[in-house]
Every structure is written in structure tokens, then in C-alpha cells.
Amino acid sequence: MRALLLLSVLFFYSCNDEGKTEFTDWAIIESYIRPGDYFNIKVTRQLPFSSDVVYSMDDINNLTISVTCNDTVYYLTPLGEGAYIDSSLIVTENTEYYLSFHFNGLAVSAFTYIPAKPNNFSQSATSISLTRIDSTSGFPIGGFTMPDPVELTWDNPENDYYLAIVENVESVLDPIRDFGDNTPPSNIFRKSPTTLAATEIRTQEFQYYGTHRIILYHVLPDYAALYNENTTSSQNLTNPSSSIGNGYGIFTGLNADTLYIEVKEQ
Amino acid sequence: MRLFLGFILLTFCVYTLDGQQRYEFNRLGSECNLKYLVYNVMQDKMAYKRPFVFVVGKPHETIDRTFMDDTLRTLPQFYGYTFVYVPNEGGTIQDKVSCLPAMVSWLTQGYKSRNNNVFLFIKDQGVSTADIQMMQESMVSFKNAFRSAVLAADIVPSNTSGLLESFKATSVEEEAEKEVGNFYIDENADDPADPGISSIGTVKSYFGPPSSYNYTLSGMIRDRSSGEALPFATILVKGSSIATQSNVDGYFTLFKVPTDTSTLVISYIGYANEEVFLTPTLPKQNFVVLLSPASALLKTVTIAATKEDVVISKREDISVIKMTPKKLEQLPNLGERDIMRSFQLMPGVSASNESSSGLYVRGGTPDQNLVLYDGFTVYQVDHLYGFYSAFNANALKDVQLYKGGFESRFGGRLSSVTEITAKDGNQKKFNYGTDISLLSLNVWAEIPMGEKISSIITFRKSYKGPLYNKIFDKFNSDNTSSMVTQTPGGPGGGRFTQNTKVTSYFYDVNGKFTYRPTAKDVVSLSIFNGTDKLDNSIDNGDLPSFGDFTPSFSFSATDLTQYGNFGTSLKWSRKWSPKLYGNTLVSYSNFFSNRDRSQEMIRTNSSGESTTTNNGIFENNNLKDVSIKSDYQWDVGSFSQVQFGAYATQYDIKYTYAQNDTATVLDRHDRSFLGGGYLQSRTKFFKDKLHLLPGIRLSYYEQSDKVYYEPRASLNYSIDDRFTLKGAIGKYYQFANRVTREDILSGSKEFWLLSDGDAVPVSSAIHYIAGISYETNQWVVSTEAYYKTIHGLTEYSLRFNPSPQGVSYQENFYSGNGYARGIEFLLQRKLGNLNGWISYTLGEARNHFDVYSTDYFPANQDVRHEFKIVGLYKLKRWDFSASWVYASGRPYTAPSGAYTVTLLDGNTADYFTVTSKNSVRLPDYHRMDLSVNYKLLAGIQGDHKRREIGYIGFSIFNVYNRTNLWYKQYTIEDLQIVETNINYLGFTPNITLSLKHW
């Protein structure tokens, strides 16, 4: 019995060797690969939650990063600030890209491919007219009618993910409504990613008059999933791209087509 | 008494011939000087413990003449009786008779049953019935001395049946049976010879030759006071290794009983070891043995070794712990006597999970522990966040925990089995009782209806006492929140407390109705229903404002959890023959859990416009299990028992998990049939030293459309009376699993899911167990080592995004495998006023999931060291107990850092990295509990024997107020992460009043 007690006491002393916190200096990758661009990525470090962590000695600006496509290996050139580029490698559609480098003693790898350019991307209107509303003008006499939504359509036989982003390209923004004391909204808004072959822009989504660029991205499911997230759920812990091994961030291919629409004052 | 004190003893043999011995009682000249003759065919020294017949001769007859003329002693019915021949010469017959009580008192001193088994036969025709009546009325000592007195004048020589009947010895059981309930015996009683103290117990009353040899005895073990059948009691032929165990309905069959005058030793936890002296006249079938609760025998350790154990590790079985709720109150508890908590004090069962009544056995999870309540499976054993078990100790009779290597008759689980047998209810007397604590009210009643029906109903409900609120507060302001860090640029934060309105309760109802139409049949209906409603909603008016642009911010959160169980079984058991027993059971078990954890946030800007955002988690789980099964036990011979059975189950399990009340993340509804059978044989070899239990179980599972074979075997070998070697190996499958939904921020949760054989595979395990135990009457030392491999584990995690090729949320199930290994030590003192045990477990449980890492990582339930010490001390009416548990910290996964990604629309999103899976550990867990119970007694103070009517208990949980961590919660609010420690209960006193009326 004494021996047992002694044994137990010994164990108590020997079992507290596990650390309280643990931090791994993972590489964070941020890269959207689009056809026509030079192949480029950005590597950063994460911000730790505890103050006494040890970063790896590796220089984030001087990594040997290789990318393999069509069985050819390319080595990226550092540009500083964690940015890397290969000026001989121009991204092309339907190509797979394998990224690899070493950071903090780990082999970091990532993979993506470039989806096809959206096909038959078209819009139901190239311009719409909206009534200006402000606190001084009051409601228009006799009311007003809202124009029909702008319908965007494209081919999507495979039920892939598409994401439409609408951006006002004017240098000076001319608000449609009076925003009062509120912060003025951004000049960009987006639609939810969809696997359908159409989406519609409701006229009240436009905040400013002028020329708008409508970009339809053909995205991969890993990117589309970012928009399904709930910021208060534990999905903030989700690695945005699961194709990255021993690292975090986003490394995804995409392809886009662009249309324009004019928002005029009625 | 006066006479007795005046007597001076003169005893010595004059001569001995054919069992005759001659004595003289009192000095010459005393009015009670009697030269008498004692005859006893056995001539043994235990003569005083036999039935006595005092024979008074005819007037003026010599003692020799009386002896010669008497033929009673030659009758076979009186074989073994002691005959005392009293001369009827000199003095009057009345004088002689008046001396007899003193003589009886002398001769039968220390013989408990003398009042029942001492008879008087008067051959003097001058004595009439009226004389006897007068004696009985005028002399209390005479009335007490003889059970019956017969006059020769009343006997018709040709018909002695009346005489035989009058002089028939009474067995002791009938006498003791009147004493219903538990009794407290005052240890301060001065008179050591007081029969009330020293002579409870069965007494040998037959001394004749045996009439049967090597025969089979079958019967039943029951509680003496309530008539409850006692399952899993051990029946041993004294001085041999011939033994058996009663089954779940208390029936037993004992082969090769050497003679029908052998002595049986019956042992059952919480009861006194009872010696039963067989006689040729006792039945050889349907033989009923009655056991008394151990507390009735406080002072009788000198008569029989009274085991004081509260829980025991069974010597004859591998990895089995047995417990009777009867003695549970002696252990420290948290408001309620709790069987599951008590098991957690034994080696191999983790004690550091206050929030789970479910058992973590040998690196297994609670869902891998099969919980059978009267034959039906219980899927959830928690009340009030797991601080209390769903089982009301007042409704339970027997609990056994098989920690591993279990038999083929159990299936569908990977780790262990908890077999719970509910009480049938008192068959003799209506009684009821209540337990009131700071947490709950518990009432019960046992209602017999006629001879054949018994019933028990128990009801328990929590009320909002201080203890209840304390536990509830664990989820709110009681926890320590601290800002860990914040991403650059984020606004500052701080601590705040939240107000919780508690409108929560739990209740449970147990009922059992037992009908015994014949001695061979038992039909019982058992019902179990328990529900928890936990409303932990928060409503905050105004919180400190966050950031610059949010002038006002209000927040209300709904956190409503409702879960419960409903289960019922209808069982018919029949003892078809002394060798064949079977039961068939139809059961239904339902578990449901609905959780709504959502927040409503209202932000109001300076112009009074408000925006409302709703988000949260909605989780529903509903499990239904309809089963039928039949189990048979065939005692082939003294060396072998064959058990076989068949079963069929229809499962129906639903699980939905939704976020933001519209986005259903997971919606599964699986149904499947599971059916099969088993065959196992318990065989003894080498003079019963080696017990071998091989078996096979096979199951067909509809979802995977496969047949699963589970071969298993266990053995134990008794090296000698004290050392036993044990070993087991077996394969186990599990079809319904509680899958862990990984949630690093708010704590992982589990839900029941049915295997589909694909994304959620059928899990399997292989056990290897070896052990050795050393047991004396007083001590148990045992050690067991185990190793088990597990395949087909499932976890659900939303931490991993779809790959570029895309995977639907429905498929975020990840499969892995694992192993658990460890070694357990137990040192237990079973006897004496101070008893208890020390246990130590060195264990490891590791899993491997490709998605988490390439290596094995510690499983959530991995605990390296567990040390437990339990001491129980009895002092008069007080029962003291203390326990201390130590467990090394469990692993967890924590957020470790943050990074920002710019999205295509120009916005940025913040993400958090986590440590590698379960790579950080919570601090070590340790805790001390104390309790003291004071027995409440009925009757007059000063009486040496008083009925126990309950107790007042005072207990302290976590005496030195150790802050033990349950888990960590992380909240991300406006770019910052807040870490909250959810702690277990601190210093918590409790008072329990338990009363029962017999």
C-alpha cells in the first residue's frame, strides 16, 4: 500500500509536463489565381493570442516557393511584404496549380485549379433610372414606381458556384439616398454565391448613380463556402481553404466575366 | 430468574452409555435438586443448540424407568433432538414443574431458538391441562420456557400425529421474518449474552443423517424483510468450491450439493453473509433463502464476517464492479445518492467529469457504455447538465458494471456495460419514504397488492433551492472571463456579468409492477421517464457600448435545452425447469434533446433606428429504439452453463442542426433494423479452479447489409483460495453512436446518430484484458491491465472547409480509429468500522483522424493518472466518509492565433487558427468530499435494538474549494477573442433528510 502511494505521488510530480498554451507559427497564404494574371501569392504570419510565443526564424520575405503546373516547376520571386510572383507564368483556364514551400520546418502545400470563364453572361438591362430620395425632397407627389430588377443570367449546366459583385466605378460618388448620420455604404456590393444560372439585382441595392461594373466570378466551392459563414459561430475557426496543408489562408482559382450598367437619375 | 441466580452448578457425568449422560441440577437439599438424564443420539458438544424435549416421568418413577419406557426418542422425527428425562420422585409434581424453567434456561443458554424449540412432555397422569394453564398464567418463566407442553393423558397411543406436530422444531427464518426493516443495535449494551445482540442468524436445527447425496438444489434468494428477489448473489457450499450465482430474477441452481445436510454460504453485497443449514426436509426445488440487510448485524462480526462494502470488485469475474444502492448513502454525494457517481470512485472509471453522469470507462466514452435498465437501453443518463444521474437510487436494487471484456449476451457497445435492476417493490408490506435535500424532493412507495403483485413508484423533482441555482450559475456569471488578446485595430473590451432568469427543473418517475402468477413465472412492467428543462436565457438591457459607431446595443439570448428519456419494458421470466430459465422482453426507449441557443441583438443608432439580428444554433436529436429479446440460461450440469438468446431492434434516429434558424447544416434521419443472437457457455475445469466463458454474438445490420461476428472469451483461474488470475479477449461492434460535434469556441457537444456504414461507419473494438487479484476476508488487492483498439470512430466538424472540388456540409463527418490502454490498481479493506479503498489508474486514450493530424492525438477523454481514496468510518449511529480524487487534466483544442483575408468584394474577414488537436491540457483535477450521516431511530431511547427510520446527512462537496476547470469557451466579438473558463462546482455543502416508514 505504501508502495502504491509512493508510486502515485511520483506520478503526480511527473505528469505536469504538458504546456499550457501552444502556438505554431503557420504560414498564411492569400492568393486568388485569375487567368491572364502573372502567378502571384502573398505569405503572412498569424497574430498569436498569447504574448510569449516564439516565431520561426524563417524569413517570410525570402522563402523558396515553387509552383507546379503542367509538370513544370516554377520558382517564385519575392517582391517584399510577403508577396511573390513568377513573371514567366501566366495563369490559364482549366489548369491545376500545386504550390509548395517550407516554413517553420513544415512542408506547406496547396492546390487549386482555374474554372472556366462564365459562358453566355448577359443582363436584362444596360441602364436603369432611379428617383433621388433625400430629406429635403420629401416623397414624390403621386408616388413613384420602382423599376424591375436587373436579371443576370449565364450558363451553369454543372451547378457550379457563381458570385456576382457590383461596383460603382465613378471617381465621385453621387448618393441616391440621404444617409443621414450613418456611415455611407461602400461602392461595392455583392450577391450571395449561387449554384443557379441566374441572379437579380434589386434596384434598391444600388446606392449611387453612375456606371457600375458587374463582375460574375466563377468560383470554387471552397471560396463560396466563405459566404455561408456565420461570424459568431465557430466557423471563424474554419480554414478558408482546405487544400492548404500545414498552413492557413485562401488559395483559390477563379474566372470572371464583366458587364456594365448605368444607373441614371429619373 | 431468582431461582436461576441462586443455583450453583453441579454438573458432571456419572457415566455415558448410548448417548445418555447423567447430571445433577442444584445442591442436595435444594427444592430443585434434580438428578436428570440427557439423551442425544449425536453426542456432540452442540447439544444445547438443538430442539429439546423435557420428559417428566410418572409419579415415583426412577429416571432409568422413565428413560427405558420412553419411545419418543426413537421416532425418526425426533432424530437429533435432545431428550432430558426428569425424575418424578420426591416432592410434588408441581414443585418439579416449577423448577423446570430454570433448568431449561440453564441447559439451553445461548440457544436463540429455545423458546420455539423446547417442549415438555408430562407422563404424570395427575397433571391436568388446567394445571398447565394455571402454570402458564402464573409463571411467566414457564410460559416462556416451553413452546408446547403435552400431557401423556391427552395422547391416544395409536395416533401420535398431534404429538409430532406439537414437538416440531421451527426453523429460525420464520421467527426473524417478523422483523421487517433495518435495525440498529446499540453497541453499548452491557450484557454480552443478550440474545438480542449475539444470536441473530440461522441456527442448525437438524442433526440427522443426510438422505440425498450429490443432488441439485434450485431456488431463489430474497431479501428477508421485503421479499425482493436478489440478483447476482453468490451461493457456495461451505468448505468446497461448489458455487453458483443467482440470476437477474434471483433464481439459482446449484449442482452437486454433496449432501442435504451441507451448509450453504450466501453472500450478497450490502447483506450479511448467511449460512443456511440444509436438511432432508427442506425442498430441493423452489428453495427460498432469505438474507438480512447487513446493518441489522452491526455487532455480529464475531458470528459471521459481515461485509461492509459499499461497492465491490468481484473476485470471480473479470472487470466487474458490483453495487447495491442500499449502502450508497454512506458515500459522499452531491444532494442525491448516485450510482453512477459511486462507480466513478472505482479504478478504471474516470472521476473528473462532474458534468457527466455517463461513465468514461477505460478510455471509452459514455456512449460506448451500454446502460440497461430492467433490460431496455437508456441513451442519456444525465440530469441537470450531468451533475446528477437519471437514476433514482430509491428505485434500484442492483447495479453491475462490466468494465470490459464483457460477455456475449451484451452487445451494441464498444466499452462497457452498466446493468441496472430495479426493485420489484416490497411483497409483504406497504411502505413509503422520502428524501429531501437542498436540490430535490424524492418520494417513493412500495405497494404490495395481494400475494402475487408488488409495485414500486418513485418520483423525484428538483426545486429551485440554493444548490440548484449554484449549479445553474456555472453557465453564467460564476465563471471567470478574461480578455486574452485582440487583433490590432479592434476596439477594447472588458468584463461584464449577465443576468440569468432561471426557470428550469428536472423530474423523473420510475414505476415497476411485478406479478408472480406461479412460483416459476414473473411478469414485470417497468417504466422510466425523466425530463430536464434547462432555460438559461439571458436578457440584458444595456451593455457597455462597443466601438465608436454603436451608441446603443442590447442583447437577449435564448438558451433553452429540453431533453429526456422515456423507456418501458415488459418482461416475462420463467423457470421452465430447475435447469432451464428464460426471459422474454419487449421494450421501447426514447431519448430526445432539443436545444435552442440563439441570440437576438438590437442595435440602435443615434436617430433611434434599430436593426435586429438573429443568429444561433438549433439542435434537435430524437432517438427511438423498439426491441424484443429472449435470453435463456440452461444449466447443463455442475460444470457447465449455456446461455443463448436472440434479439431484434428497430432504430429510428433523427438529428438536425441549424444555424440562423434557416440554414440547416445537417439533417439526418436514419432507420435501421438490427437483429441477431448469441451463444455462450460458462464451463468449469480442474475441480472448478478454471472458469472459461467463450461465446459468440452475431448481428445483422440493415443499413450496411452485413453480418457482424463477435467472438469473445474470458477465463479466471483460482490459484488458491486467495489468488485469482483473470483474462479476457473479445470483439465488439456498435451501431448507434454518440458523435462528437467539434466546437472549439463553445465546447463540443454530442449527438446520437445511427451508422450508415459509409460516412458514419459501424464502429468496432477489440479488448485484451489480464489481471490478478488477491482476496482475503478483509482485504482485496487487485490489478488489471487493458488494451483496446477501436475502429470506425466518427466526429463531426465544421472546422474544415470543402476542398476546391466541393463537399457538402452533410458530409463533414470524419472517421478515425484509436486505442486505449492502461493499468488499474485497487486496494480495498472490506471489513471493520474503518473500511474503504485506494485506487490508481494509469491510462491513455489516443485517436487518429486523418483530418486532424497525421499522428495519434490524445482523445477528448484521455486522462493519464487517476488516484482515488475513499474512507468510510462507522461510529455508533454515525457514518463518516471522505473521498479524494485526483486526475490529470484532460486535453482540449484552443484558438491560438488570428489572420485576415481580403475577399473579392474588398471586405476583409478575420479567421482564427487553433492548436493542433487536443494538444493543450486543462489543469489537473482534484477534489475532496466529506459526508456524515446520523441514523434516525424509532423506539425508546436506551433500547438496545431500534428500528432505523432514516438518516440526516450532511455532505460537503469540494471541501477545499478547488477551482476545477470543466472547459473553456471563446467568444469572438468585434474582432476580439474572449476566453471564459467554465468551472466545476466549488465548495458546496448539502443536507439530506431521508425518512422511511415500514
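Select strands β3(A), β49(B) and β50(B): in that order they form an open sheet of three strands with antiparallel pairing. Strands here are DSSP runs of E with at least two residues, helices are runs of H or I with at least four residues, and both are numbered from the N terminus; two strands pair if DSSP finds at least two bridges between them. The edge strands, each pairing on one side only, are β3 (47-48) of chain A and β50 (908-914) of chain B. This is a predicted model, in which local features need pLDDT of at least 70 and side-chain atom pairs count only at pLDDT 80 or more, while totals for chains, interfaces and linings use all residues. Residues are numbered from 1 along each chain as its sequence is written, and chains are lettered from A and ligands numbered from 1 in the order in which they are written.

β3(A) pairs with strand β49 (residues 895-902) of chain B in the antiparallel sense, over two bridges.

Now colour chain B by secondary structure: it contains 11 helices and 56 strands. Of its 998 residues, 47% count as buried, a residue being buried if 20 or more other C-beta atoms, placed from the backbone, lie within 10 Å of its own.

Turn to chain A, which has two helices and 19 strands. Of the 266 residues of chain A, 31% count as buried.

Within chain A, select strand β18 (residues 247-253). Seven of its seven residues are buried, so the strand is largely enclosed by the rest of the structure. Which residues point each way from β18(A)? G247(A), G249(A), F251(A) and G253(A) point one way, and Y248(A), I250(A) and T252(A) the other. In a regular strand the side chains alternate between the two faces of the sheet.

Finally, colour chain A by domain: the assignment, automatic or from a database, gives domain 1 (20-113) and domain 2 (122-227 + 254-265). Their centres, taken over C-alpha atoms, are separated by 34 Å. Five residues of domain 1 of chain A are in contact with four residues of domain 2 of chain A, contact requiring C-beta atoms, placed from the backbone, to lie within 7 Å.

Key. Two residues are in contact if their C-beta atoms, placed from the backbone, lie within 7 Å. A residue is buried if 20 or more other C-beta atoms lie within 10 Å of its own, exposed if 12 or fewer, and partly exposed in between; C-beta atoms are placed from the backbone.
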